[in-house]
Amino acid sequence: MNWWNKSRPDLFSLFSIAVALLVILFIGGAILAIVAGGLPGFWENLQSREVLFALRMSVVTSTLSTLVVMLLALPTAYALTRTAMPCKRAAGVLVELTLSLPYLLLGLSLLILFSSPAGKWLKLHGFPVVFSPAGIVMAHLLVNLPYGVRLVKTAFESADQRLEFLAQTMGATPFGAFRTILLPLCRANLVSAFILTWSRAMGEFGATLMLVGVTRMKTETLPGSIYLSISTGNNDSAMSTAMLMLLLSGGALFLSRLAAGREDQKRRKAGER
């Protein structure tokens, strides 16, 4: 009788399972809808010049923006976790503020900024942003930089600071401890952060739409290609492009989980020793 009471789920557990199943059905149904709509004409639409252009534009701009995000996020996260930076808590709140803002609003702020005299000066000196591919990178930066800082900051906070302290007591400079201790400790988490940030950049559309618009075969990314296809009634092409984005996102998630899994295995082995 006691065994039955222990093994029988309570009402709250049953409720939680029921809600979880509803959530899984809802998300799974949305994914299945993309697969069902995009799979029939996937290969044919994938070979079109427009989709290939959008794919190249998305990959290039997402990769460039993610590299810049990581280059900026590493020292920013270090300053927020390892230094006596003035007003550090307020700075952290300010950095993460854009995570809660609509992407259209972020794009509008960039449009105002680069339509100012400073933005016009940049355009005159060969760096146009508004309605140009460079604007896609800038939109990705504003959207994903706070996200990248948060991921890197979380990775740095989980690392054992005692090892860095020991290295510095033995004569290592702060940069030396950062390069030889902190970065290797967080390698897997940083790889995962890069992949997830890149995946977010591939799917960004709101800020990009506001700053550069969607010009066919000029500033057309994969989300922009879906938008244009739906606008012109070409639903087959839109679903095929959505299927392509689903595959890219799934692959990025798999690689991110793989990197995190290897890191967990290393920690378990280190704990066993």
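Author: A contact here means heavy atoms within 4.5 Å. The model is a predicted one.

Reader: Fine. With that, what share of the contacts with a separation of 6 or more comes from residues 24 or more positions apart?

Author: In the protein chain, that share is 77%.

Reader: And the secondary structure, how many helices and strands?

Author: The protein chain has 14 helices and zero strands. Read from the N terminus, its elements run α-α-α-α-α-α-α-α-α-α-α-α-α-α.

Reader: What does the C-alpha trace span along its principal axes?

Author: About 65 × 60 × 30 Å.

Reader: How much of the chain is buried?

Author: Of the 273 residues in the protein chain, 36% are buried.

Reader: Give me one residue, then. Where is threonine 221?

Author: Threonine 221 sits in a loop, with helix H12 (206-212) on one side and helix H13 (222-231) on the other.

Reader: Is threonine 221 buried or exposed, and why?

Author: Buried, because its relative accessibility is 6% and the cut-off for buried is under 20%.

Reader: What is threonine 221 in contact with, leaving aside neighbours within four places in sequence?

Author: Ala54, Met57, Ser58 and Ile136.

Reader: Which residues form a nonpolar patch on the surface?

Author: The patch is formed by Phe12, Phe15, Val19, Val23, Phe26, Ile27 and Ile31. Together they have about 720 Å² of accessible area.

Reader: Take valine 19 from that list. Which helix is it in?

Author: Valine 19 belongs to helix H2, which covers residues 11-38.

Reader: Why does valine 19 count as partly exposed?

Author: Because its relative accessibility is 34%, and partly exposed lies between the 20% limit for buried and the 50% limit for exposed.

Reader: Switching to charges. How many positive and negative side chains are there?

Author: There are 24 positive and 13 negative side chains in the protein chain. The centres of the two sets lie 6 Å apart.

Reader: Last one, glycine 250. Where is it?

Author: Glycine 250 is in helix H14, residues 235-272. Its relative accessible area is 38%, so glycine 250 is partly exposed.

Reader: How far is the C-alpha of glycine 250 from that of serine 199?

Author: The two C-alpha atoms are separated by 9.2 Å, while the residues are 51 apart along the chain.

Conventions. Residues numbered from 1 in each chain as written. Predicted model: local features only at pLDDT ≥ 70, side-chain atom pairs only at ≥ 80, totals over all residues. Heavy atoms only, no water. Helix = DSSP H or I, 4+ residues; strand = E, 2+ residues; numbered from the N terminus. Buried < 20%, exposed > 50% of the residue type's maximum accessible area, 1.4 Å probe, protein only. Patch = residues over 30% accessible without salt bridge, like charges linked within 9 Å, V, L, I, M, F, W, Y side chains within 5 Å. Areas by Shrake-Rupley, 256 points an atom, 1.4 Å probe, with all protein chains shown as cover. Salt bridge = Lys/Arg side-chain N within 4 Å of Asp/Glu carboxyl O. Lys, Arg positive; Asp, Glu negative; His and termini not counted. Charge placed at Lys NZ, Arg CZ, Asp CG, Glu CD.
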